[in-house]
Amino acid sequence: MSNLLLPLRNALTEAVADEVIAFNPLDRLKLSRILPRDTLETDYEPDPYQWNEFLTLLCSMEGTKRCAFQFWAFTGLPTSELIALTWADLDLVAMTARIDKAVVEGEEKGTKTKSGTRTIPLLTAARQALHAQKALNGPTTGRILLNPRTGGEWTDQALLRLWQRTCQGRQGALSQPRTRCGTRSRATC
């Protein structure tokens, strides 16, 4: 139910921001009060890649594409924050990345919430991806990850399509793209 209401809630929030309506009526809606308790839980089980499956997919990629997915997997960043990351956001001495912006539909914005602004540690595999990316692109001050096909910023849809094509190019259980989020969580453990 929350997933179904999310687009409507966002549209109404935009209408409030544009001063078309005075308030968002869904802000007062609490699903936990109107839905039966047994409908608030789900039997959905994420199906993340096993470590060997993930490595097989990663090894099937080359260059900038591999760097992008390796960095993505070992930081766990949402797509919009991954796309927005610049070299200036990195502290390669402390091995951290400052996350304070996102790119949504080609437009740079802040993170969704103030608590979304944070500094994350860079695991060894994420640092390796950065070093490989720097070797491919040379020193730069702009965005870290660029789409090699266009030379411009990635879009969330372009990254998803690339991941899906990579998964579909593999045999058996790897033929279907699965939850990247669960894979990132497992990969960073």
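1. Some terms come first. Ala, Val, Leu, Ile, Met, Phe, Trp, Tyr, Cys and Pro count as nonpolar; Asp, Glu, Lys and Arg count as charged; the others, Gly among them, count as polar. A cavity is a set of points on a 1 Å grid over the protein atoms alone where a 1.4 Å probe fits but cannot get out, while a pocket is an open set with protein on both sides within 12 Å along at least five of seven lines. Lining residues have an atom within 4 Å of a point.

2. This is a predicted model: local features need pLDDT of at least 70, side-chain atom pairs count only at pLDDT 80 or more, and totals for chains, interfaces and linings use all residues. Residues are numbered from 1 along each chain as its sequence is written, and side-chain values use heavy atoms, without hydrogens and water.

3. The largest pocket has a volume of about 740 Å³. Volume here is the space filled by probe spheres set on grid points, which are joined across faces, edges and corners. Of its 26 lining residues, Ser-80, Val-103, Val-104, Lys-109 and Lys-112 are the closest to its centre.

4. Helices (H or I, at least four residues) and strands (E, at least two) are DSSP runs, numbered from the N terminus. α1 (2-17), α5 (79-84), β3 (101-104) and β4 (107-110) each give two or more residues to the pocket lining. α1 gives the most, with 5 residues. By class, the lining of the largest pocket has 8 nonpolar, 10 polar and 8 charged residues.

5. The structure holds 2 cavities of 30 Å³ or more. The second largest cavity has about 30 Å³ of space. Its lining includes Glu-81, Asp-89 and Arg-98. The classes are 3 nonpolar, no polar and 5 charged.
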